[in-house]
Amino acid sequence: MKRIKFLLLFVLVLTVISGCSAKATLKRDVLPQKEVAESSDKEVSGVDTALEDEKASAAEPQNDDAFIKEETEVSIAKKGEETKAGTTESAVPAVEKTADAESKPENDNKEAQNLCSISVNVSAIFEKGLATPEELGLPQSGYILNSTEVSFDEGESVFDILILALGNEGIDVEYTKSPFLNSYYISGINGISEFDYGTSSGWLYYVNGEMPAYACSEYKVSKGDKIEFIYTCG
């Protein structure tokens with residue numbers, strides 16, 4: 001009987017010991033799982049934080065690039081405006097130089113040319129009351145041709161200058177040739193002929209205020225000569 005009680009007690013002790021061991025094992029198993037779960041959460045949280053930091057760090061260079069790009073564009077635009085302003089300021093003297101360069105040869109050529117002036121006037125008719133400007137279709141001054149500058153070649157005569165100047169203005173001129181003297185005589189200009197306003201009326205010519213003693217076709221023009229054809233009444 002005592003032996004049976006001892007066996008039962010022994011079995012009970014074994015059972016208790018086995019239960020405690022199972023609980024300890026279960027506790028050890030649960031604890032690592034909990035630690036693994038917490039560790040996993042920490043790793044996931046760490047990954048998320050790393051991703052956010054990476055995004056933030058990736059965004060910062062973009063902002064820096066945008067700022068640098070904007071600053072570069074502003075610098076380029078400012079430099080372009082300064083360059084444009086400098087070009088405009090430097091262009092003005094260039095234009096002035098070009099104008100001077102163009103006008104100087106023109107003046108030089110003009111000075112090198114043989115030039116004279118010629119005019120045609122009938123004011124004596126109006127002064128003597130033989131006709132009015134309205135009747136002849138002329139201004140009160142009596143000028144058929146105002147003083148006009150003409151370029152000529154060496155050896156040309158007053159006659160040549162008259163024909164050229166009146167021809168350029170479309171003004172008619174009448175002349176006759178003297179076979180004996182082999183010269184030309186002006187008999188009419190713009191429809192006003194010799195003897196129209198008196199027996200002594202006609203065309204006379206002057207060079208530099210003086211009346212030459214020979215026909216206009218015989219007088220050789222010189223540079224700077226002032227030629228005048230004047231209608232005289234008598």
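The lining of the largest pocket in this predicted model divides into 13 nonpolar residues, two polar residues and no charged residues. That pocket has a volume of about 240 Å³, and the strand β4 gives the largest share of its lining, four residues.

**The largest pocket**
- Of the 15 residues that line the largest pocket, Tyr184, Tyr185, Tyr205, Ala215 and Cys216 lie nearest its centre.
- Two elements, β4 and β6, each give two or more residues to the lining of this pocket.

**The largest nonpolar core**
- The largest nonpolar core holds 33 residues, and among them Trp203 and Phe229 touch the most other members.
- The elements that give two or more residues to this core are the strands β1 (115–121), β2 (143–151), β4 (183–189), β6 (202–207) and β7 (226–232), together with the helices α2 (123–127) and α4 (158–169).
- The helix α4 provides the largest share of the core, six residues.
- Leaving aside residues up to four places away in sequence, Trp203 touches Val120, Asn121, Val122, Ile144, Ile186, Ser187, Gly188, Ile189, Ile192, Phe229, Ile230 and Tyr231.
- As a general background point, nonpolar side chains in soluble globular proteins tend to be buried together.

**The cysteines**
- The structure holds zero disulfides.
- Cys216 has a relative accessible area of 4% and is therefore buried, since buried means under 20%.
- Cys233, with a relative accessible area of 8%, is buried as well.

Conventions: Residues numbered from 1 in each chain as written. Predicted model: local features only at pLDDT ≥ 70, side-chain atom pairs only at ≥ 80, totals over all residues. Heavy atoms only, no water. Core = buried A, V, L, I, M, F, W, Y, C linked by side-chain atoms within 4.5 Å. Buried < 20%, exposed > 50% of the residue type's maximum accessible area, 1.4 Å probe, protein only. Contact = heavy atoms within 4.5 Å. Disulfide = S-S within 2.5 Å. 1 Å grid on protein atoms, 1.4 Å probe; cavity = no way out; pocket = protein on both sides within 12 Å on 5 of 7 lines; lining within 4 Å. Points joined across faces, edges and corners; volume = space filled by probe spheres on them. Nonpolar A, V, L, I, M, F, W, Y, C, P; charged D, E, K, R; others polar.
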